[in-house]
Amino acid sequence: MEDFRKHFSVFLTFFTPTAGWLVLLFFVPLGIIWVYSFGENISLTEIKTTWTLDNYKRMFEPQIITLFWRTVWLSTLSTIITLVIAYPISMVIATASNKAKPWLMLVIILPFWTNLLIRTYAMLNILGTRGRINDVLEWLWNLGDGALDLIGLGAFDLLGEHFAPIRFLGNNSGVMIGMIYVYLPFAVLPIYSSLERLDRNLLEASLDLGAGQWRTFRSVLLPLTSAGISTAAVITFIPMLGSFLIPNLLGRGKVDMIANVIERQFKSANDWPFGSALSLFLLYITFIILAIQAFANMRANKGRNDG
Amino acid sequence: MRKNRMPISRRAMLAGAGAVGLTLNLPKGALAAGGKLNFYNWDTYIGEDILGNFTKATGVDVQYDLFADNDELFAKLRNGNPGYDLIVPTNDFVERMIIADMLEPLDHSKLPNMKNVDPAFANPAHDPGRKYTMPYFWGTVGIGYRISKVSKTPDSWADMFTSDEYAGRMAFLGEATTVLQMALKLMGKSMNDWTDENIAAAEAMVLAQKSRITAFAPDNGQDLLLAGEVDLAMEWNGDILQAMDEDDDIGYVVPKEGGLLWEDDLCIPKGAPNPDAAHEMINYLMDAKVAAENADYVYYATPIAAAHEHLGAEYNENTAIFPSKETLANSEVSIYPGQEVISKIDQAWTRIKAAG
C-alpha cells in the first residue's frame with residue numbers, strides 16, 4: 001500500500017467527506033444531546049444549560065433501575081438464545097455445497113428486504129391469541145377433544161372445558177421472541193464467516209487423534225470461531241438494548257424497556273434533558289461492552305501468538 | 001382527531017357525489033390571498049375534494065403534510081416554525097402552544113363564517129374568546145366493545161378499571177394522561193384535579209388491574225377489538241367508528257361517569273409565511289356546505305351548527321358521534337396541567353410500566 005503521507009491531497013480527498021459526515025451527523029447531534037443532559041426545563045420549549053446533575057441522579061429512581069435491569073436481562077437472555085440458534089444454522093450453511101450456499105444465504109437475508117414495522121406486525125398476526133399458532137393449536141385441541149368423545153371419555157373434559165390459547169404477547173416471552181426473530185440474521189453472518197475461514201483439516205486432525213465429536217466441537221471448533229461468536233453477540237445485544245418497537249407492539253405496551261421511557265421523554269413527558277441523560281447512559285453501557293469485547297479479542301490474539 | 005383514519009369507500013363515494021353539486025355553488029373567497037398554503041394535518045382528516053375545490057375557488061395552491069400525533073406536531077414546531085401556515089392541534093396542545101407563544105392571533109374580521117359555529121364552542125376554556133383558534137372537529141374517549149361478548153353494555157369505567165369480568169380481554173390506551181384521567185372519572189373526581197393523592201390513587205388503581213389488562217395499545221386498540229384479541233377497548237370514538245363500519249358486532253359507549261372530550265382546532269403557528277391564505281382556508285372550512293361535506297367524509301362531530309341541515313340522520317343521530325346530553329354533561333375537556341404535573345404523571349406511568 002502507498003504511504004498516504006506522500007500523497008496528502010489524495011488522503012484529504014477521501015478523508016474530508018467521511019470526517020465531515022461523521023462530525024456533522026454524529027458528533028454534533030451527540031454533543032447537543034450531551035449538553036441537554038445537563039439542562040433544566042425552564043418553559044415548555046426552552047432548556048437552560050445549568051450543568052446540573054439532577055437528570056443523572058434520576059437514573060437511580062427505583063422504576064428506572066427496574067427498567068434498566070429488565071432491559072439488560074431480556075437482551076442478555078435473548079442474545080444467548082439467538083447465538084444458540086444461529087450457530088447450527090451457520091454450520092449448515094458453511095458445510096453446504098457451493099451451489100446451495102447462496103440460496104441458503106438468501107433465505108437468511110430475505111427478511112431484511114421487508115421493513116421492521118411490517119415484520120413486527122406479521123409477528124402480531126402469528127403470535128396473537130387469535131393468531132396463526134393458536135389457530136393450529138385450537139384445531140389440534142378440537143381433534144383431540146373429538147377423539148376423546150369417540151372413545152367415550154368426552155364427559156371428563158380431559159383437555160379442559162374450552163381451548164385456552166397460549167399468550168405469547170404482552171409478556172417477556174413476546175418481547176424475547178420478537179428480538180430473537182429480528183436479530184437472528186445479524187448473528188448468523190459473522191459466525192458463518194468465521195466458520196468459512198476455518199481450516200477443516202484441523203477438525204479432521206482432532207477426530208483422527210482420538211477426540212470425540214463433542215470434544216472436537218468444544219476444544220477446537222468453538223475456540224477457533226470465538227471471534228465470530230463474540231462479534232455476533234455484540235451486534236445483536238447492542239440493538240436489543242435499544243429495542244422500542246418490539247416491546248411496544250409484541251410486549252403490548254405492558255413490558256416496557258428503557259428505550260420506551262426515552263421516547264416518552266422526547267414526546268409526551270416533554271422532558272428532553274432527562275431523555276438525553278437516559279440516552280447517553282445507554283450509550284455509555286454500549287461503549288463499555290465494546291471495550292470489553294476489544295479487550296477480550298486482544299487477549300485472545302495475544303494468547304494465540306504466544307502459544 | 002385520531003390516527004388511522006381510513007377513507008371508507010361508501011362514504012367517499014357519497015362525498016364525491018356531493019362535491020359535484022358543490023363545485024357549482026362555490027363560496028367566493030373573501031380575500032384574494034394567492035400564493036401557497038402549507039397545511040399540516042392528521043391523516044385522512046379532510047374531505048377528498050376540499051383542497052382541490054379550495055384551490056379552484058381562491059387560486060391558492062395547498063401543500064398538504066401529515067403528522068401522526070400531537071407530540072410529533074409539537075416537537076416539530078418547538079424550535080421554530082419550519083414553514084407551516086395552518087396546523088390542527090388538539091385542545092390541550094393548543095393550550096401549550098398559547099402558553100409557549102407559538103400561535104398567531106386570528107383576525108376575526110377575515111372569518112365571516114364564524115357565525116356558523118355552534119355557540120357552545122364560542123368560548124372554550126383552552127382558548128377564551130377564540131383568540132387563536134377555530135374549532136375543526138370534536139369527539140370523545142369511551143369504550144369500544146364486542147356486542148356478542150359482553151354481559152351488558154359496559155357503560156361504567158368500573159368494567160375496565162376494577163372488575164375482573166373482562167380479565168385478559170381489555171385494551172387500554174397507551175397514553176398516560178388519558179388512562180389516569182379515566183381512573184379519576186371513576187373515582188368521581190375531575191379529570192383535571194391533579195393533586196398528588198389523586199395521581200397516587202389513579203396509579204394504584206391501574207397497577208392493581210395491570211395483570212388483567214391485555215394491552216396498553218400504542219395506537220391500535222380498534223385493531224385488537226376487530227381481531228377478537230380483546231372485547232373491550234378504551235379508545236377515541238373515531239377509531240371505534242371505523243371499526244363499527246367494518247364489523248356490525250362492535251359498539252361504542254361513553255361511560256356514565258363521563259369520558260374525555262377533545263376538540264381539534266385550526267390555528268396559525270407563529271412565523272407562518274402566508275397567514276392570509278390560512279385565514280381564507282379556515283373561513284372556507286367553516287362554510288356550512290364545505291363543513292358538511294367534510295364531516296360526511298371524516299365522520300367526526302362537526303362544531304359547525306349550520307352544517308347539520310346538509311347532513312343526514314345517519315350522521316346527525318349517531319350516538320357514537322354525539323353522546324347523550326347526560327353523558328356529555330359528565331364529560332370533561334382535558335386542561336394542560338403544567339410541566340411539573342406532566343412529569344409526575346410520566347413517573348407514575350413509568351412505575352406502572354415497570355411493574356412485573
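Quick housekeeping. What you see is a predicted model, where local features need pLDDT of at least 70, side-chain atom pairs count only at pLDDT 80 or more, and totals for chains, interfaces and linings use all residues. Residues are numbered from 1 along each chain as its sequence is written, while chains are lettered from A and ligands numbered from 1 in the order in which they are written.

So, chain A. Its C-alpha trace spans about 85 × 65 × 35 Å along the principal axes. The secondary structure is 13 helices and 2 strands, where helices (H or I, at least four residues) and strands (E, at least two) are DSSP runs numbered from the N terminus. How much of chain A is buried? It's 27% of the 307 residues. Buried, by the way, means 20 or more other C-beta atoms within 10 Å of a residue's own; exposed is 12 or fewer, partly exposed is in between, and the C-beta atoms are placed from the backbone.

Have a look at helix α1 of chain A, residues 8-36. The number of buried residues among its 29 is 0, so α1(A) lies largely in the open. There's also a kink of about 35° in α1(A), centred on Val23(A); the bend at a residue is the angle between axes fitted to the seven residues ending there and the seven starting there.

Next, where the chains meet. I'm calling two residues in contact if their C-beta atoms, placed from the backbone, lie within 7 Å. Chain A puts in 25 residues and chain B 26 residues. On the chain A side, the elements giving two or more residues are α3 (62-95), α11 (245-249) and α12 (258-266). That side splits into 6 nonpolar, 12 polar and 7 charged residues. For the classes, Ala, Val, Leu, Ile, Met, Phe, Trp, Tyr, Cys and Pro are nonpolar, Asp, Glu, Lys and Arg are charged, and the others, Gly among them, are polar.

Over to chain B. The domain assignment gives domain 1 (10-136 + 262-316) and domain 2 (139-260 + 323-354), with bounds from an automatic or database assignment. Their centres, over C-alpha atoms, are 28 Å apart. Domain 1 of chain B brings 11 residues to the contact and domain 2 of chain B brings 8 residues. Which element gives the most on the domain 1 side? That's α4(B), with 4 residues.

Now strand β5 of chain B, residues 133-146, which is mostly covered, with 13 of its 14 residues buried. Strands pair when DSSP finds at least two bridges between them. β5(B) runs antiparallel to β10(B), residues 260-269, over 8 bridges, and there Thr140(B) sits opposite Leu261(B). β5(B) is also antiparallel to β8(B), residues 232-236, with 5 bridges, where Gly142(B) faces Glu235(B). Then there's β9(B), residues 250-253, antiparallel to β5(B) through 4 bridges; Arg146(B) has Ile250(B) as its bridge partner there.

Last stop, Gly188(B), in the loop between α6 (176-186) and α7 (196-209) of chain B. Buried or exposed? Gly188(B) counts as exposed, because it has 9 C-beta neighbours inside 10 Å. Its C-alpha atom is 7.2 Å from that of Glu257(B), 69 residues apart along the chain.
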